[in-house]
Amino acid sequence: MNVEHFTTMTSTQPSIILLFSGKRKSGKDYVTDVIQKRLTAEMCCILRLSAPLKQQYAKDHSLDYEQLLGSGQYKESYRADMIRWGEMKRQQDSGFFCRLAIKHATQPIWIISDCRRMSDVQWFHEEFPDRCICVRVEASEQTRSQRGWRFATGIDDAESECGLDEAVKFDYIIRNDGADDVLEKQLEDLLSLIKSREEESNTLHNIKPEK
Ligand SMILES: Nc1ncnc2c1ncn2[C@@H]1O[C@H](COP(=O)(O)OP(=O)(O)O)[C@@H](O)[C@H]1O
Ligand SMILES: C[C@@](O)(CCOP(=O)(O)OP(=O)(O)O)CC(=O)O
């Protein structure tokens, strides 16, 4: 699909917000990177709820922020305590990390690549009604294990990994077990859904696309 099909919004308000979730090593970062490249950096930005969390946690504990953003063991070493700290902050203010994550976003299409809790999804639906698309990335435990996942008690059986397992109506589910052709077909379908929803959003919010 050519990105020319997507209108360029003149408003600083997003026209579409893609709320991604998925288990560890399901491929959230991989899939969202591909979609953002297809939509171009001018049209679409990836926003991580974990980024402001990791930034503050790294500052408070004199840790390497860049390594916490990575996918290695360094991050895993601090995951449990970051979860604990993050949940404490959310209990005080459920939108705390959401507001920080979107603070500097200017593109018309936002990808929130790491939703984990119902409070994350609810915040975006309440702040941006009719503009959210919920996407789940799924992979088998075998595939996830091949990508380096190992079950961790207190993490893989807790809210951080299970908070969106039920009671969420996903608009689209991406099966990401490694077959490139299967993934490609799904990405094309999702891009079509994004286009149609963006057109609906423009109409609903009466925002005229640039000529
Ligand atoms: N469809 C795919 N094809 C090839 N590699 C993939 C695919 N999906 C995920 N990966 C790889 O698997 C690992 C985990 O993916 P990642 O996106 O980091 O998962 P998550 O963000 O859900 O924890 C990464 O090394 C990533 O490059
Ligand atoms: C404390 C966390 O924000 C850490 C999230 O780190 P990542 O988003 O890097 O995790 P994966 O990519 O799924 O492996 C989780 C939370 O419950 O807030």
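The model on display is predicted.

**Ligand 2**

Next, select ligand 2 itself and display the pockets of the protein: this ligand sits in the largest pocket.

Now show side chains and inspect the polar pairs one at a time. At Lys75, a polar side-chain atom lies 2.8 Å from an oxygen atom of ligand 2. Moving to Arg117, one finds an N or O atom of the side chain 2.7 Å from an oxygen atom of the ligand. Ser160 also places a polar side-chain atom 2.7 Å from a ligand 2 oxygen.

**Ligand 1**

Proceed to ligand 1 and select the residues around it: Lys23, Arg24, Lys25, Ser26, Gly27, Lys28, Asp29, Tyr30, Arg147, Asn176 and Leu183. Which helix gives the most to this shell? It is helix 1 (residues 28-39), with 3 residues.

A backbone N or O atom of Lys25 lies 2.9 Å from an oxygen atom of ligand 1. At Ser26, a polar backbone atom is 3.3 Å from a ligand 1 oxygen, and at Asp29 the corresponding distance from a polar backbone atom to a ligand 1 oxygen is 3.1 Å. Taken alone, ligand 1 exposes 560 Å², of which the protein buries 71%.

**Asn176**

Finally, centre the view on Asn176, one of the residues around ligand 1. Asn176 is placed in the loop between strand 5 (172-175) and helix 9 (180-204). Is Asn176 buried or exposed? Its relative accessible area is 4%, under the 20% cut-off, and therefore Asn176 counts as buried.

Follow the side chain of Asn176 to the backbone oxygen of Ser26, which it reaches at 2.8 Å. Ser26 is also among the residues around ligand 1. To complete the picture, select the contacts of Asn176 beyond its neighbours within four places in sequence: Ser26, Gly27, Val31, Val137, Glu138, Ala139, Thr143, Arg147 and Leu183.

Terms used: Residues numbered from 1 in each chain as written. Chains lettered and ligands numbered in written order. Predicted model: local features only at pLDDT ≥ 70, side-chain atom pairs only at ≥ 80, totals over all residues. Heavy atoms only, no water. Helix = DSSP H or I, 4+ residues; strand = E, 2+ residues; numbered from the N terminus. Buried < 20%, exposed > 50% of the residue type's maximum accessible area, 1.4 Å probe, protein only. Polar contact = N/O pair within 3.5 Å; in protein donor to acceptor, adjacent residues only side chain to side chain. Contact = heavy atoms within 4.5 Å. 1 Å grid on protein atoms, 1.4 Å probe; cavity = no way out; pocket = protein on both sides within 12 Å on 5 of 7 lines; lining within 4 Å. Sits in = over half its atoms within 2 Å of the grid points. Near = heavy atom within 4 Å. Areas by Shrake-Rupley, 256 points an atom, 1.4 Å probe, with all protein chains shown as cover.
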